[in-house]
Amino acid sequence: MTEVNNATVVNVDLGDRSYPILIGRNLLERAGEEVSSRLPGSKTVIITDETVKKLHLKTLEDSFQSAGVEYSTLVVPAGEKTKRFEIFERLCDDILALRLERGDAVVALGGGVVGDLSGFVSGVVRRGMKFVQIPTTLLAQVDSSVGGKTGINSRHGKNLLGVFHQPALVLADTSVLDTLSPRDFRAGYAEVAKYGLINDPEFFEWLESNWQGIFEGGPEREQAVAHSCRAKAAVVAADELESGNRALLNLGHTFGHSLEGAVAYETERLVHGEGVSIGMVLAHEFSEELGLCPAEDTKRVIAHLEAVGLPTRIDQIPGQLPPIDTFMDLIAQDKKVSRGQLTFILTKGIGTSYVDKTVSAEPLRAFLKEKLDK
């Protein structure tokens, strides 16, 4: 990790496909300069959503104009339901109509939905275009913009259609996080806390003491984003295609994705980070029930997530939830299922998560049913 032009630089080491993550304030204003120097001569298409368009698109377009970067702009609706095949198909057709070439670049300006969708588009149009991530949410800056996982949702589950397609550059402008709603910022924080819970108990302890500074936009914010990106970059470099320990990054996600699917991706009821927060608690509670995780660690996780305002229980999701069979079907479609065997990220305590491929359906079903019946 180095400092360049008032930005922290974290490198994702993937040989000739390595790329930098630039982290700092007001990076959007110099995005054109960064893109033109790293992808000289490339035409670009910016993909953003209706919400981000109003807040940040002009800054990016002005930067591209100043740097002489040729661009077009495509706008999609905001929200998780945008990650569907119809929108994906439309974007592919629009980019082909613009006559962009394989050496040109798709630029994702937005949160995780825009990044996942745009990355999938860039990965398949002309069998792979260049890709730049400019994440505008905390969740996207610390998680989804790094590592090359792209995708859209299916009626069978979340992120079941997609490709691994690494970006050429990630620009994480922490000043744009000032425009997030408190709910969206909290949701992103769940992914920050995840890095401590996976394998870094000292980081989790630091978060317990410094989370207010992260929320208030102090120097702790850049520290947390950089630490999270560095942690994810190390995992991705060691296991790019999630054949081994990269699956640890999904702590809480199997439960969380099933909750998102159960509410039909209605973000008014549950956003991704909230699902992850509840999912991480469920992972600790299930691990505790299996005799793996100390009860005091589970209580500590719940206390911290509640302190920052995140949900920790299924009954905090508004509206009626479907029966247990629906949850079990959604879990059975999880991307980590291997030859029909459930794969879970369980934990032996804070900072000691591991991949478990021995979880059987019946104890899981009984555990979830108890939580749903409360």
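Good morning. Helix 3 and helix 4 (residues 112–124) have axes that come within 10 Å and cross at roughly 50°. Axes here are lines fitted to C-alpha atoms, for helices over the stretch in contact, and angles run from 0 to 180 degrees between N-to-C directions. Helices (H or I, at least four residues) and strands (E, at least two) are DSSP runs, numbered from the N terminus.

Please note that this is a predicted model, in which local features need pLDDT of at least 70 and side-chain atom pairs count only at pLDDT 80 or more, while totals for chains, interfaces and linings use all residues. Residues are numbered from 1 along each chain as its sequence is written, and side-chain values use heavy atoms, with hydrogens and water left out.

Let me return to the first pair. Helix 3 and helix 4 are therefore oblique to each other; angles under 35 degrees count as roughly parallel, over 145 as roughly antiparallel, 65 to 115 as roughly perpendicular and the rest as oblique. Which residues make the contact of helix 3 and helix 4? Helix 3 contributes Ile-87, Phe-88, Leu-91, Cys-92 and Ile-95, and helix 4 contributes Leu-117, Phe-120, Val-121 and Val-124. Contact means heavy atoms within 4.5 Å. By class, this contact has 9 nonpolar, no polar and no charged residues. In this scheme Ala, Val, Leu, Ile, Met, Phe, Trp, Tyr, Cys and Pro count as nonpolar, Asp, Glu, Lys and Arg as charged, and the others, Gly among them, as polar.

Helix 3 (residues 85–97) also holds Glu-89. Glu-89 has a relative accessible area of 41% and is partly exposed; buried means under 20% relative accessible area, exposed over 50%, and partly exposed in between, with a 1.4 Å probe and protein chains only. Between Glu-89 and Lys-357 there are 35 Å in space, C-alpha to C-alpha, and the two are 268 residues apart in sequence.

I turn now to helix 10. Against helix 13 (residues 361–373), helix 10 (residues 272–289) packs at an angle of about 125°, the axes being 11 Å apart. That angle makes helix 10 oblique to helix 13. The crossing of helix 10 past helix 13 is right-handed. On the side of helix 10 the contact involves Leu-282, Glu-285, Phe-286 and Glu-289, which meet Pro-363, Leu-364, Phe-367, Glu-370 and Lys-371 of helix 13. Of these contact residues, 5 are nonpolar, none are polar and 4 are charged.

Helix 10 has another partner, helix 11 (residues 295–307): their axes come within 9 Å and cross at roughly 170°. Helix 10 is thus roughly antiparallel to helix 11. From helix 10, Ser-277, Met-280, Val-281, His-284, Glu-285 and Glu-288 take part, and from helix 11, Ala-295, Thr-298, Val-301, Ile-302 and Leu-305. This contact divides into 6 nonpolar, 3 polar and 2 charged residues.

Next, the rings. The structure holds 11 aromatic pairs. Rings of Phe, Tyr and Trp (its six-membered ring) pair if their centres lie within 6.5 Å; planes under 30 degrees apart count as stacked, over 60 as edge-to-face and the rest as tilted. One of the pairs, Tyr-189 with Phe-215, is tilted, at 5.3 Å centre to centre and 55° between the planes. Tyr-189 lies in helix 6 (residues 182–199) and Phe-215 in helix 7 (residues 201–216), so the pair ties together parts that are 26 residues apart in sequence.

Finally, the backbone. Most residues other than glycine have a negative phi. Asn-159, however, has a positive phi near 55°. Asn-159 is found in strand 9 (residues 157–161) and is buried, with a relative accessible area of 18%. Ala-264 likewise has a positive phi, of about 55°, although it is not a glycine. Ala-264 lies in the loop between helix 9 (253–262) and helix 10, and at 39% relative accessibility Ala-264 counts as partly exposed.

Thank you for your attention.

Terms used
A crossing is left-handed if the near helix is turned anticlockwise from the far one by less than a right angle, and right-handed if clockwise.
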